[in-house]
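Trainee: Could we go through this structure together, with the criteria behind each term?
Mentor: Gladly; here it is.

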Amino acid sequence: MALADKGVPEAEFAPAGAFSPQEREAVYRTIYARRDVRDEFLPEPLPDSTLERILQAAHHAPSVGLSQPWNFILIRDPAMKAAVHDVFTRCNGEAAQMFADERSASYRGLKLEGILKAPLNICVTCDRARGGPVVLGRTHQRDTDLYSTVCAIQNLWLAARAEGIGVGWVSIFEQEDLRPLLGIPPEIVIVAYLCVGFVDQLFTRPELEARQWAERLPLEPLIYEERWGDRR
Ligand SMILES: Cc1cc2c(cc1C)N(C[C@H](O)[C@H](O)[C@H](O)COP(=O)(O)O)c1[nH]c(=O)[nH]c(=O)c1N2
């Protein structure tokens with residue numbers, strides 16, 4: 001076995017064959033059936049064991065140099081959620097004005113968060129100092145710590161879907177407005193604000209597609225062969 005030549009004990013290896021058809025099906029189903037959830041949250045709190053599983057899934061994401069730069073702030077206090085919602089409301093009003101006439105009207109008709117309705121909100125942050133001043137793999141691409149944090153978020157999102165829990169990512173905020181509310185120090189970057197809770201129905205395709213705001217692009221033209229722009 002090639003791994004045996006790496007000089008680590010054999011107990012560190014496991015067979016790496018493909019999953020069974022049912023296991024594969026479950027993985028793809030999770031990916032395709034995951035949705036961004038705005039408003040469809042049920043009020044029941046997440047059991048601690050379920051929350052632990054989805055946070056562990058996040059924590060098992062790949063990270064540059066195994067730096068694991070993330071933190072998760074769990075927000076359940078209605079007063080805190082209301083304060084965050086106020087920040088969203090102001091920023092969302094500004095956002096609506098950035099779109100031209102008709103688009104602005106349809107933007108205002110979209111529900112873009114479930115901050116108050118979701119029983120749990122999670123602010124996911126990235127500590128840019130985690131792992132020390134020189135991190136393997138981050139030497140030439142400083143933002144790989146942020147990319148790692150996004151990998152953790154995607155793991156959480158997929159694990160949540162498999163648990164029947166919806167997740168909605170809200171990004172219509174100024175970082176600097178959230179920071180003092182949540183007591184986040186200046187050196188920490190706010191990567192995501194997530195609304196989390198059980199759901200009993202989900203859109204079968206992105207809600208923005210169902211509401212004719214945007215549509216999924218065909219994949220084929222996005223794939224090039226050898227060089228940027230070369231069709232395959
Ligand atoms: C980084 C980032 C930031 C946001 C989002 C996503 C991501 C990845 N999305 C959700 C987004 O609209 C959604 O993922 C797409 O429309 C595709 O839909 P599904 O996720 O497949 O349901 C999102 N949705 C929303 O209603 N308010 C928001 O502020 C944001 N912000």
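Mentor: Along the sequence, the protein chain follows the pattern α-α-β-α-α-β-α-β-α-β-α, that is, seven helices and four strands. This is a predicted model, where local features need pLDDT of at least 70 and side-chain atom pairs pLDDT 80 or more, while totals for chains, interfaces and linings use all residues. Residues are numbered from 1 along each chain as its sequence is written, and side-chain values use heavy atoms, leaving out hydrogens and water.

Trainee: What makes a stretch count as a helix or a strand?
Mentor: Both are DSSP runs, numbered from the N terminus: helices are H or I with at least four residues, strands are E with at least two. Residues 188-198 form strand β4.

Trainee: Why are β3 and β4 called paired?
Mentor: Two strands pair if DSSP finds at least two bridges between them. Six bridges join β3 to β4, so the pair qualifies, and the two run antiparallel. V170 stands opposite Y193 in β4.

Trainee: Which strands are at the edges of the sheet?
Mentor: The sheet is open, with the order β1-β2-β4-β3 and antiparallel pairing. Its edges are β1 (70-75) and β3 (165-170), each pairing on one side only.

Trainee: What does helix α2 touch in the sheet?
Mentor: Helix α2 (residues 48-59) touches β1, β2 (120-127), β3 and β4. Contact here means heavy atoms within 4.5 Å. The direction of α2 makes about 155 degrees with that of β1; axes are lines fitted to C-alpha atoms, for helices over the stretch in contact, and angles run from 0 to 180 degrees between N-to-C directions.

Trainee: Where is D36, and what are its polar partners?
Mentor: D36 is in the loop between α1 (21-33) and α2. Its side chain makes a polar contact of 2.8 Å with that of R38, and one of its polar side-chain atoms lies 2.9 Å from the backbone nitrogen of W169.

Methods
Polar contact = N/O pair within 3.5 Å; in protein donor to acceptor, adjacent residues only side chain to side chain.
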